[in-house]
Amino acid sequence: MKPGYRLTGRVETGELAELYRAERGDEQVVVKLFHARTTDAAYARELAETARALNSVRTPGVVRVLELGLAHRRLAVVQEAVAGVTLGQAIQRLNTREVVLPAPLALTWVVELLTIIQAAHDAGVVHGALTPGNVHVSDGGQLFVSDFGALRALDAVPALKKAFGTRGRASYRAAEVARGEPPGPASDVYSAGAIAYELLTLREPSAGRAAAVSTRHEAPVPPSRLDRRINSRLDPI
């Protein structure tokens, strides 16, 4: 990895890696620094392959990996920084204030999210682990999606898959992914649908139910039944 990055603050610490804000000159970035025990060459190769595939995507909503390398024998992934909050943080703030997101804005974000996902699919990249935590809302209100390729990289390392493969928010995980099967484009559509439901209702679609609800056999409570301000025409979506 090229030298010169200066860490300016830790964002969070996880069992897989630590997340830092960093800069090099005027460039603001985010550095994901893996622990020594979770650093693996196969993981890095899969991330690098995904990053190369996404180079052809012209949709601005993809958070790009700028560099991969080693820092003190730990895998370091440098990616674009998005000034703003995650969708998860935005939903949490709305819940705290008991404020409902206007349906037109929620649907605008859903369409924007689907546009980003479709562009990645066209490049042969499936996310597989979409949650409100890796969908970012910029200060200007634009959506960006990070962590493309992370699930595929995890699956490439049996030890890491065993330790971390079932982590994360089950409400957004398609049933086939929950079973340990490789995700496909439909898996991302499922996750986007779960995010859309929560944007409209501020509730996770499987709250109080078994994880990975099969939409072929059962459906969550229609949004209009949870909030009368939501037009019932949105329920089928």
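User: What volume does the largest pocket have?

Analyst: About 1600 Å³. This is a predicted model, where local features need pLDDT of at least 70, side-chain atom pairs count only at pLDDT 80 or more, and totals for chains, interfaces and linings use all residues. Residues are numbered from 1 along each chain as its sequence is written, and side-chain values use heavy atoms, with hydrogens and water left out.

User: What makes a set of points a pocket?

Analyst: On a 1 Å grid over the protein atoms alone, a pocket is an open set with protein on both sides within 12 Å along at least five of seven lines. The volume is the space filled by probe spheres (1.4 Å) set on the points, which are joined across faces, edges and corners.

User: Which residues that line the largest pocket are closest to its centre?

Analyst: Glu-12, Lys-32, Gly-133, Asn-134 and Asp-147, out of 50. Lining residues have an atom within 4 Å of a point. Strand 2 (17–24) gives the most, with 5 residues. Strands are DSSP runs of E, at least two residues; helices are H or I, at least four.

User: Why is Leu-113 called part of a nonpolar core?

Analyst: A core joins buried (under 20% relative accessible area, 1.4 Å probe, protein chains only) Ala, Val, Leu, Ile, Met, Phe, Trp, Tyr and Cys residues through side-chain atoms within 4.5 Å. Leu-113 is among those with the most contacts inside the largest core, which has 34 residues. Leu-113 touches residues including Val-135, Leu-143 and Ile-195 (heavy atoms within 4.5 Å).

User: Which element gives the most to this core?

Analyst: Helix 3 (103–122), with 8 residues.

Technical notes. Buried means under 20% relative accessible area, exposed over 50%, partly exposed in between (1.4 Å probe, protein chains only). Lists of a residue's contacts leave out its neighbours within four places in sequence.
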